[in-house]
Amino acid sequence: MVKISKTMVKDFSLFSDCGRYFVYSSQSGKLKIWDTISGTLKQEYVPNLHLNSPCSSLSWINLSSRVNSPWKSKKRKIEEDKNLIALGTSDGFVAIFSLSEGKIVTKLEGGHSGAVTGLGWSREAGLFSSSHHEVVVWDISSKQIKSKWKSSKGNITCICVSDDGEFCVTGSHTLQLWDVKLKKLLKTYTGHHSEVVSLVFINKQYFLSCGSEDRHITVWSTKDDCDESLGRFAVGESIKNGISIFENESTLHLCTSTRNGQLIYFNHQLNGKIGKVIKPLHTVEIIDDHSSNILPVTGVKMSSESMVAIAYGHSPFFSFETLDITNLKKNKVTFTRKDKHLNKVLSNKETTKDTDDQAQYVSYGNRKNAGDVAMEERLGNLSIGNPVISDKYSPYNLSNLLTQGLESKDRSLLESVLFRKDPQVIAETVSKLPVSALAPLIGQLNTMILGKTFPSIVGCMWLKGVLRQHSSQLLANGSTSALLASLQALIESRLAVLGPLRGLSGRLDHIISQLDSPQDHSPKNEDSVLFYQEEDSSDERESLMLDGDGSESEDKWEELSEDQLDSDEAS
Amino acid sequence: MVPEIKFPTPTVKGTKNDIIVKRRGGGTLIDSRPIFSSDANYVFLNCGWGVRIFSVKTGECVRTCDAGTKKESVVSIFLYEDQPSAVTSNGTFLSWEIKTGKNLRKQHFDIGKGSVATNAFLVPNLLSSDILDLCIITFDQTESELQLNFFDLSAKERIQHPLDKTVVSDVDIKQGISFGGPEENKIIAAISTRGLNIFSLNGKSQIIGINPGENRSWTCVRVHSSDYPVAAGDTTGRVVLFRAPLRKGRKSPQAVYHWHTLPCRDIALTPAGSLMYTGGGENVLVKWNLENPQARNYLPRLSAEITFIEISKNFEYVAIATLDNSVKVIDTQSRLICVLQELSWGVLSTPSAPLFPAGLSFDPRTRGVVLNGRPGHLQFYSPSTESFLFNLDVTLRNYLTQERNKVIYNTEVTGACISSDGAWLATLETREDPAVRLEQRLKFWEYNVDKKCFCLNSSIEGPHNGKAHNFRFRPGSKSLSMSNPTSVNYMLVTTGSDAKFRIWTPNEIDSIYRKGVVWGCENACFYRQKDCGPLSFSEDGTIIGVGFEASLVLWDLTELKVTASLNTPSRDKHIRFVEFGQFESFCEIVCATEDEICVWNLMTLELSWKLSMNVLLLVQDVSSSHFAVFTKNNEVFIFKPKSPEVIYNKKRVCDRNGLALSALFVPRQRHLSNVPSWMQNSQLFYINNNQELLCMESETESAESFYLMIPQDVIDGTPFSNLLAAQVESEVKRSKPLKQNVGYGILGSAAVSQFLKYPAHTVPAMSLMCSSFLQSLIVTNKQEAEKMEVDESDEGLAESASVSSEEEDSIQNKNRSPKSKNKTTPVIANHENGLSTAEKLSMFFKDLEKDDEEFLFEDSRINAREEKFFIDGV
């Protein structure tokens with residue numbers, strides 16, 4: 001058990017080879033997989049109890065190789081399980097997790113006695129795993145051990161296989177290059193002070209290594225007889241989670257993340273021995289916009305020669321982004337991002353996000369928004385408390401106020417002036433206006449006219465005033481056309497609906513008049529249901545004829561009616 | 001709508017350079033009803049050329065089983081010995097191993113010439129129900145006859161069957177034929193234009209032509225897998241349930257369930273038979289309680305019209321196939337478990353609308369292709385991983401489904417354009433209802449780096465007075481933007497049918513509500529009142545070329561002045577495509593009218609060359625100076641504007657009368673050197689009217705495929721698993737498991753209702769009731785019962801008559817089958833001598849039972865029990 005605790009129960013995180021998925025294995029034994037494009041936690045796998053020996057190494061199994069192999073088949077492409085993860089555990093077995101099935105599909109047992117410290121994958125040669133003193137090559141399809149050999153020197157902490165499966169490098173404090181077929185030690189390289197934690201092959205001709213306490217990445221060659229390092233990339237801080245490379249036409253693009261949370265990018269033409277230490281081309285930092293703390297970059301993956309997929313944030317809350325690294329202007333770049341664990345966590349299945357909460361709706365109709373009414377009210381409230389404007393205005397006052405408002409862009413001040421409708425006031429104010437204030441005024445009026453009913457009407461009146469007073473000035477000014485261009489479009493489009501609107505209003509008027517007219521005539525046309533004729537109506541007629549003065553007639557009405565009733569009863 | 005046959009690689013051999021066409025998405029998943037594995041962990045989907053196995057847990061494709069056929073497509077899938085099996089259109093039966101995808105068996109059956117298989121299912125052999133026969137339904141196009149064919153799976157030949165070669169229908173609808181029924185009397189139901197036909201598998205009884213009523217016709221039918229009920233849906237959305245479909249004579253009892261207003265598309269009955277799922281064009285899944293039609297549950301707002309519904313064997317999950325080529329799996333509480341979707345098919349929101357009106361565009365951030373998805377949405381699809389990324393709701397409106405007698409017009413996304421740095425997305429949505437004015441909105445979406453999605457920034461109602469035709473962003477920096485867009489250097493130009501093109505730019509705003517930029521119209525330009533259509537920016541974004549009818553006008557954008565106007569040689573043909581050359585051919589501009597391609601030199605303003613060609617599409621490579629032209633003759637040409645020389649041409653780019661609808665060059669992630677020059681930096685993708693996304697690939701890159709067999713561990717997590725052998729062989733005869741746990745209704749309900757139904761003084765002594773009551777609570781194994789009392793079996797009818805008299809009455813109480821009631825009559829006769837009051841009562845109930853005979857099984861069962869009970873009492 002002491003051995004297990006010694007064999008680093010630590011976090012692992014890794015991008016898939018396609019860069020789409022990001023896997024994170026936490027100390028609690030949970031395996032979490034994110035979809036980096038949508039940024040959602042796609043799967044969380046908690047292994048069964050008897051599998052719950054801590055994960056000690058992690059590797060994606062990449063089935064589509066970039067190397068053009070002679071292994072060509074003209075078979076129809078079979079869409080196989082493309083996303084597999086190999087997990088090495090401290091109990092000495094290797095488990096293969098399938099992303100599409102969401103479970104561990106197979107377990108390779110019997111290879112190691114101690115913890116699996118490193119995993120490597122080659123499409124041609126199969127899966128490699130290493131424990132402290134052994135290297136095992138597995139044939140996954142039959143779950144058998146293909147080959148196995150022992151290493152005498154040091155505890156192996158890391159393993160890497162070249163793409164074609166010819167070579168394999170194991171790292172302890174020294175690096176050992178093996179011929180896979182012959183199980184033979186080809187070379188031993190020395191030069192690291194601490195145990196090697198990261199190894200990457202470049203085209204089987206070179207490989208990179210980095211130790212846990214090293215502040216540089218070292219390049220080695222497999223070809224030459226020399227067993228000294230070819231060169232070094234200065235990282236400045238020990239690296240955190242492995243190295244990602246992209247190699248194209250002998251240019252090496254290299255990315256890694258350091259323990260202090262930076263992303264470091266190198267670009268180098270690999271060709272023989274490098275004299276001096278290579279400095280990073282770009283350093284990227286990501287900072288939380290609230291606290292301006294660093295959000296550490298935990299995973300990097302070069303998906304093309306310029307694109308780097310990164311994962312950043314604190315452990316359970318990762319965010320993902322693709323950076324275009326070659327087009328960064330400066331050597332050291334800082335981005336500010338929101339820390340994700342302050343946001344509400346999106347649920348796993350939810351695919352829709354609020355996309356329209358910050359939208360501007362422009363329409364040429366006069367559609368009222370609830371929000372806009374509130375704005376007018378709010379601004380109205382503001383202007384009430386504004387003591388500057390008295391009812392007795394003077395044009396000087398107003399034009400001064402307007403220029404002040406235009407300079408300071410104070411909304412309340414501007415609206416207190418511009419919301420006046422009196423044409424005379426407008427004309428006087430505009431005439432007193434300095435020439436320099438014209439352009440900002442027109443800009444302001446533009447936005448007003450673009451707005452809703454009232455500002456639009458008033459804005460038009462003001463614009464009319466401005467054009468009347470200062471047309472010569474405006475004509476001389478070259479920038480006027482640009483100022484008025486958008487207005488022209490607006491006016492045109494509004495005029496386009498004028499005709500149909502007129503027609504509509506005419507029709508509505510017609511309908512309304514038709515609706516009104518029968519109401520007036522309705523009492524006339526209706527025949528009374530019951531016609532009751534008074535025996536003697538002469539009195540009433542008389543009373544009606546008497547009906548001349550208001551007060552008198554009313555009194556008489558009452559009397560008459562009472563009389564009538566009496567007479568009725570009598571009869 | 002649904003394309004007929006899909007193949008994984010519709011390879012068309014190129015004329016040279018071994019370039020092949022490869023499908024990168026759009027294969028069907030909904031050609032036939034999806035089925036569940038017996039443990040409901042996997043869903044099997046018919047993908048045309050095979051069966052694809054999806055995991056219910058993760059919603060991902062686990063395995064693909066290739067049918068290995070060239071022309072024939074898979075028409076039906078089902079489980080055979082718990083393994084996925086399929087029948088192809090030429091009558092080949094295939095079965096695969098679920099764990100490995102290995103082909104277990106493949107055999108061909110002769111289904112006769114001139115007809116194609118359209119459906120198939122496994123039926124029990126008439127002689128022994130343990131053996132399964134294959135029933136293939138074939139359709140004869142010329143005679144329009146749907147015919148049953150029976151084959152022996154082991155003998156590999158046609159078998160003698162009373163229903164063999166029976167014509168069951170005259171229409172070929174996948175949902176129009178169904179097989180099921182209780183074990184002793186399996187039935188086949190099929191719908192035809194004349195009505196619903198029901199056949200008993202043993203050929204003894206058949207009902208032909210149940211009419212749905214006037215102005216109605218059947219649209220789908222489903223038989224319960226292990227009982228009698230047959231449910232049929234019609235064009236008015238009614239679902240009629242026949243409890244006893246084989247009853248002759250008087251009108252068979254039926255129940256009508258009516259909620260749908262559009263035709264009902266598919267029906268599924270739960271194994272217990274108490275619930276029913278129906279679906280149709282309303283995009284709503286309705287869950288019915290058969291006892292109480294008012295108690296309905298709905299699952300509304302599914303992505304498209306429902307085409308198939310399937311329930312897993314033990315009713316854990318329900319799979320819903322929808323017309324946008326996706327399958328949704330929900331659990332019994334209607335919670336979504338997973339969505340199985342690849343390229344989402346365009347669903348015509350209104351009939352006669354064009355497919356994929358927004359065309360294809362490339363999103364540099366996700367490296368995905370953007371195209372129309374479900375109505376009102378844009379879908380982001382990754383062609384490299386062949387996976388669906390996400391949907392963006394553009395219209396932010398509910399989808400309105402069609403009505404019975406009215407065409408409903410929905411707003412559809414008719415254009416999409418992404419700025420070169422991926423910061424802005426412009427969309428155009430149109431609602432073209434002829435009854436009202438054209439509705440159009442131009443929307444600007446900005447990429448929000450914090451939310452990692454496009455968020456709506458501005459929505460402009462009616463960008464043009466009339467229809468907007470085309471729009472494009474001014475080319476800017478090609479590197480990905482990595483912060484929220486705040487700069488105002490972007491520009492979009494739209495052309496519209498008001499004979500103007502408008503320039504839209506972002507303007508900074510700074511109000512108390514929001515900060516940032518808002519898009520607005522900066523300027524509008526026109527040229528001689530001519531209608532304008534296509535537009536293109538020069539590589540540096542300083543010049544714009546707009547096609548005004550037959551003339552191409554170039555404007556200087558810095559001063560907004562016309563710098564040149566060029567006329568096509570044939571002055572009457574309108575320009576349909578304009579593209580500025582790039583890189584080494586920066587001084588060329590390419591124009592295409594309907595029947596020719598013209599290239600001008602911008603320096604000399606002279607026509608460099610022209611070529612007559614039936615142009616369908618003209619697209620430019622973003623990372624080289626190559627152009628691709630799709631012609632109406634189904635050909636593609638690659639050329640450079642420098643010379644009229646065709647670099648590459650390929651015939652028959654689309655199969656099966658396909659036509660390219662839109663095309664796009666997608667830049668590669670890695671420069672390839674071993675392919676023709678025009679393919680080195682990008683790949684040509686196009687979508688055809690069969691809704692397939694195709695791409696051109698050199699054979700060398702497509703040959704990369706790797707097959708890794710992964711053994712599946714059976715991980716049993718408990719120590720008890722060690723006690724179990726991997727393989728258990730036992731000579732002990734096992735009784736057949738019950739086909740289902742519970743019959744109709746609630747266990748023991750009949751006995752309980754017996755307590756409650758009659759007044760207390762008529763109920764006999766408790767001691768007599770006890771045994772029957774307890775027995776009613778036991779789920780009897782029918783096979784056992786058969787052994788004990790032979791009168792149950794169907795085969796030995798003759799035996800039963802003799803034996804039944806000897807049987808003790810109490811044993812008969814075990815019979816829960818409705819059939820047993822017929823056989824109880826002789827028993828009653830035996831006892832008729834000793835006449836008593838109880839006997840009289842039993843006679844009375846027998847009469848009652850006769851009246852009620854055409855009632856539900858449940859009731860008849862109760863009656864049967866009651867009369868037995870009284871016999872007990874004697």
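Modeller: Let us begin with a definition: a salt bridge is a side-chain nitrogen of Lys or Arg within 4 Å of a carboxyl oxygen of Asp or Glu. Please keep in mind throughout that this is a predicted model.

Colleague: Why is the contact between B:Arg243 and B:Glu291 called a salt bridge?

Modeller: The side chains of B:Arg243 and B:Glu291 meet at 3.9 Å, N to O, and because the limit is within 4 Å, the pair counts as a salt bridge. B:Arg243 lies in the loop between β21 (238–242) and β22 (254–258) of chain B, while B:Glu291 lies in the loop between β25 (285–289) and β26 (296–299), so the pair ties together parts that are 48 residues apart in sequence.

Colleague: What makes B:Arg243 buried or exposed?

Modeller: Its relative accessible area is 10%, and since buried means under 20%, B:Arg243 is called buried.

Colleague: Which chains does the salt bridge between A:Lys42 and B:Glu60 involve, and how do you know?

Modeller: The two side chains meet at 2.4 Å, N to O. A:Lys42 is in strand β4 (residues 40–45) of chain A, and B:Glu60 is in the loop between β4 (50–55) and β5 (61–66) of chain B, so this pair joins two chains. With a relative accessibility of 22%, A:Lys42 counts as partly exposed, whereas B:Glu60, at 14%, counts as buried; the cut-off for buried is under 20%. Over all chains, the structure holds 38 salt bridges.

Colleague: What do B:Glu429 and B:Arg441 tie together?

Modeller: Their side chains meet in a salt bridge of 2.9 Å, N to O. B:Glu429 lies in strand β36 (residues 424–431) of chain B and B:Arg441 in strand β37 (residues 439–448), so the pair ties together parts that are 12 residues apart in sequence. Both residues are buried. Salt bridges that share partners join B:Glu429 and B:Arg441 with B:Arg431, B:Asp433, B:Glu439, B:Lys443 and B:Glu461 into one network.

Colleague: Which residues gather in the patch of negative charge on the surface?

Modeller: B:Glu81 gathers there with B:Asp39, B:Asp82 and B:Glu316. B:Glu316 lies in the loop between β27 (306–311) and β28 (317–322) of chain B; patch residues need over 30% relative accessible area and no salt bridge, and B:Glu316, at 31%, counts as partly exposed.

Colleague: What forms the nonpolar patch on the surface, and why does A:Ile512 qualify for its accessibility?

Modeller: The patch is formed by A:Leu501, A:Leu504, A:Leu508, A:Ile511, A:Ile512 and A:Leu515, with about 560 Å² of accessible area together. A:Ile512, which is in helix α9 (residues 498–525) of chain A, has a relative accessible area of 44%; because the patch needs over 30%, this value passes the cut-off.

Technical notes
Residues are numbered from 1 along each chain as its sequence is written. Chains are lettered from A and ligands numbered from 1 in the order in which they are written. This is a predicted model: local features need pLDDT of at least 70, side-chain atom pairs count only at pLDDT 80 or more; totals for chains, interfaces and linings use all residues. Side-chain values use heavy atoms; hydrogens and water are left out. Patches are made of residues with over 30% relative accessible area and no salt bridge: like charges are joined within 9 Å, nonpolar side chains (Val, Leu, Ile, Met, Phe, Trp, Tyr) within 5 Å. Accessible areas come from the Shrake-Rupley method with a 1.4 Å probe; for residues, only the protein chains shown count as cover. Lys and Arg count as positive and Asp and Glu as negative; His and the chain ends are not counted. The place of a charge is taken as NZ of Lys, CZ of Arg, CG of Asp or CD of Glu. Helices (H or I, at least four residues) and strands (E, at least two) are DSSP runs, numbered from the N terminus. Buried means under 20% relative accessible area, exposed over 50%, partly exposed in between (1.4 Å probe, protein chains only).
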